Amino acid sequence: MPADIQELIQSLVRSEYQHERKDSREAPTPPLVTISRDHGSGGCEIARRLAKALNIPIWDREILDAIAHAANSDPELMAQLDDKIKTRKDTWIYNLLSGQNAFIASYRHHLVNVALALAQRGGVIIGRGVHLILANRPVFRLRVVGSLDTCARRVMASEQLDYERAIERVKQVNKERDQFLWDTFHHHLDESACFDLIINTDKFDDRWDDTAEQLLRTIRLTGLDGRGGGTS
C-alpha cells in the first residue's frame, strides 16, 4: 500500500475545507491525473509510467480499501464492486450482506469523499468514474482506448487466453465498466466531453515509455504537472 489508509480516511474531513480555503499564493498541489481505460488498451501501463515521471502515487485498489474502511464494510465484498455491477441480483446480495438499503447510493457517497481526499494528495487515479467527481478541480482527465482486435491481442498475452476468449473478455470488462459508470453517475464512457484527452493506442505498438512521454508533454502544456497552476 503506497499510503496509510487510516490517514487517508482522516483526510476526507479536511479535503473540502482545504480546497475552499486554498490561497492562490500557496504552492500548487501535487499533479492529479485520472485515467479511464478500455481493457487491453494499455491504460495501466501508461498510468505507472506517468506516476513515476510525475513522482506521484497510483490509486487503484487502494481506493476500494479506503471506501471499504469508510463504509465499515468487508474489503473483499467491496472489491467485487470494482469497476462493475454485474446484475441487480448482485446488488440485492450486497444490500443483504452490508445491511444497507441503498448500497449504490452509499458506495457513491464514500467514493466521492475518497476522491476529494485524493485530490488534495495528488496521484494517478485509475477508473471509478473519478474523472466525473473531480471535473471542476485542477485535474488532467485521460481516456485510453483501443480497437477490439488490438485490445484482445494484448489480453491474449497478458491473461493467457485464446483469441475468441480474449475478445469476449474485453467486451465483458468494458461493458461492466460502462454499466458501473451509468449506475453510479448516469454517464457513459464514450462521452468525450468528460475528458481532456482521448488516446487510441492501436498504432503505438505497446511502446508505453514513448507514449507516456508524449502524454507527459501534453500534461505539462496544460500546467497540470505540479509546476504551476492550470485548470481542466
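This is a predicted model: local features need pLDDT of at least 70, side-chain atom pairs count only at pLDDT 80 or more; totals for chains, interfaces and linings use all residues.

Visitor: Which residues lie nearest the centre of the largest cavity?

Guide: Ser 36, Gly 127, Arg 128, Gly 129 and Leu 189 do, out of a lining of 14 residues. By class, that lining has five nonpolar, five polar and four charged residues.

Visitor: Which strand or helix gives the largest share of the lining of the largest cavity?

Guide: Strand E1 does, with four residues. At least two lining residues each come from E1 (32-37), helix H7 (130-133) and helix H9 (163-185).

Visitor: Now the helices. What describes two packed helices?

Guide: Two packed helices are described by the angle between their axes and the distance between the axes. Take helix H2 (residues 43-54) and helix H10 (residues 208-222): the angle is about 55 degrees and the axes are 9 Å apart. H2 and H10 are therefore oblique to each other. Their crossing is right-handed.

Visitor: Which residues of H2 and H10 meet?

Guide: From H2 come Glu 45, Ile 46, Arg 49, Leu 50, Ala 53 and Leu 54; from H10 come Trp 208, Asp 209, Thr 211, Ala 212, Leu 215, Leu 216 and Ile 219. Sorted by class, the contact of H2 with H10 has nine nonpolar residues, one polar and three charged.

Visitor: At what angle do H8 and H9 pack?

Guide: Helix H8 (residues 148-159) packs on H9 at about 110 degrees, and the axes are 8 Å apart. That angle makes H8 roughly perpendicular to H9. The crossing of H8 and H9 is right-handed.

Visitor: Which residues of H8 and H9 meet?

Guide: On the H8 side they include Leu 148, Cys 151, Val 155 and Met 156, and on the H9 side they include Tyr 163, Ile 167 and Val 170. The contact of H8 with H9 has nine nonpolar, no polar and five charged residues.

How values were computed. Residues are numbered from 1 along each chain as its sequence is written. Side-chain values use heavy atoms; hydrogens and water are left out. On a 1 Å grid over the protein atoms alone, a cavity is a set of points where a 1.4 Å probe fits but cannot get out, and a pocket is an open set with protein on both sides within 12 Å along at least five of seven lines; lining residues have an atom within 4 Å of a point. Ala, Val, Leu, Ile, Met, Phe, Trp, Tyr, Cys and Pro count as nonpolar, Asp, Glu, Lys and Arg as charged, and the others, Gly among them, as polar. Axes are lines fitted to C-alpha atoms, for helices over the stretch in contact, and angles run from 0 to 180 degrees between N-to-C directions. Angles under 35 degrees count as roughly parallel, over 145 as roughly antiparallel, 65 to 115 as roughly perpendicular and the rest as oblique. A crossing is left-handed if the near helix is turned anticlockwise from the far one by less than a right angle, and right-handed if clockwise. Contact means heavy atoms within 4.5 Å.
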